[in-house]
Amino acid sequence: MASKNGSDAKPDLRLVAAEAEVYDLMRAPETTAERVKRLQLEAHALALEEIEALEKLLLEAAAKAKDIANGGDAYPVGAREMASRLAADLPTKAETIKTIVHRVS
């Protein structure tokens, strides 16, 4: 649609998401079973994205914990010790999650 502001009217262009489907008018309507399957696949894909984000956060937290563990006297002893354990443990947890996801996928 063009705006109604005169002769220099520009078309009203809207972007469509890359994932948006174009509905095929020649195709029969989606059955309930097809819709359930499609929605389950979408939910699975979203869950994988969330797990990948968690893995990334765990690795970032491990890097931060390592910085604190190696920070010397600027950090309290208890905090450095806990950070040291987290720095050692979090990458293993992230790898375990990655392995579980690849097994299930």
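These questions and answers walk through a predicted model of one chain.

Local features need pLDDT of at least 70, side-chain atom pairs count only at pLDDT 80 or more, and totals for chains, interfaces and linings use all residues. Residues are numbered from 1 along each chain as its sequence is written, and side-chain values use heavy atoms, with hydrogens and water left out.

Reader: How many helices and strands are in the chain?

Author: Helices (H or I, at least four residues) and strands (E, at least two) are DSSP runs, numbered from the N terminus. H1 covers residues 32-69, and H2 covers residues 77-104. The count for the chain is two helices and zero strands.

Reader: How do H1 and H2 run, roughly parallel or roughly antiparallel to each other?

Author: Axes are lines fitted to C-alpha atoms, for helices over the stretch in contact, and angles run from 0 to 180 degrees between N-to-C directions. The H1 and H2 axes lie 8 Å apart, at an angle of about 155°. Angles over 145 degrees count as roughly antiparallel (under 35 roughly parallel, 65 to 115 roughly perpendicular, the rest oblique). H1 and H2 are therefore roughly antiparallel.

Reader: Which residues by class make up the contact of H1 with H2?

Author: Contact means heavy atoms within 4.5 Å. Ala, Val, Leu, Ile, Met, Phe, Trp, Tyr, Cys and Pro count as nonpolar, Asp, Glu, Lys and Arg as charged, and the others, Gly among them, as polar. The contact of H1 with H2 has five charged residues, one polar and 19 nonpolar.

Reader: What share of the 105 residues counts as buried?

Author: Buried means under 20% relative accessible area, exposed over 50%, partly exposed in between (1.4 Å probe, protein chains only). Of the 105 residues, the buried share is 9%.

Reader: Does Glu-55 count as buried or exposed?

Author: Glu-55 sits in helix H1. Leaving out residues up to four places away in sequence, Glu-55 touches Ala-94 and Lys-98. Its relative accessibility is 14%, so Glu-55 counts as buried.

Reader: Where is Arg-80, and is Arg-80 buried or exposed?

Author: Arg-80 lies in helix H2. Beyond four places in sequence, Arg-80 touches Ile-68, Ala-69, Gly-72, Asp-73 and Tyr-75. Relative accessibility is 18%, so Arg-80 counts as buried.

Reader: How many Å apart in space are Ala-69 and Glu-81, C-alpha to C-alpha?

Author: Ala-69 belongs to helix H1. Ala-69 touches Arg-80, Ala-83 and Ser-84, not counting residues up to four places away in sequence. Ala-69 and Glu-81 are 12 residues apart in sequence, and their C-alpha distance is 6.5 Å.
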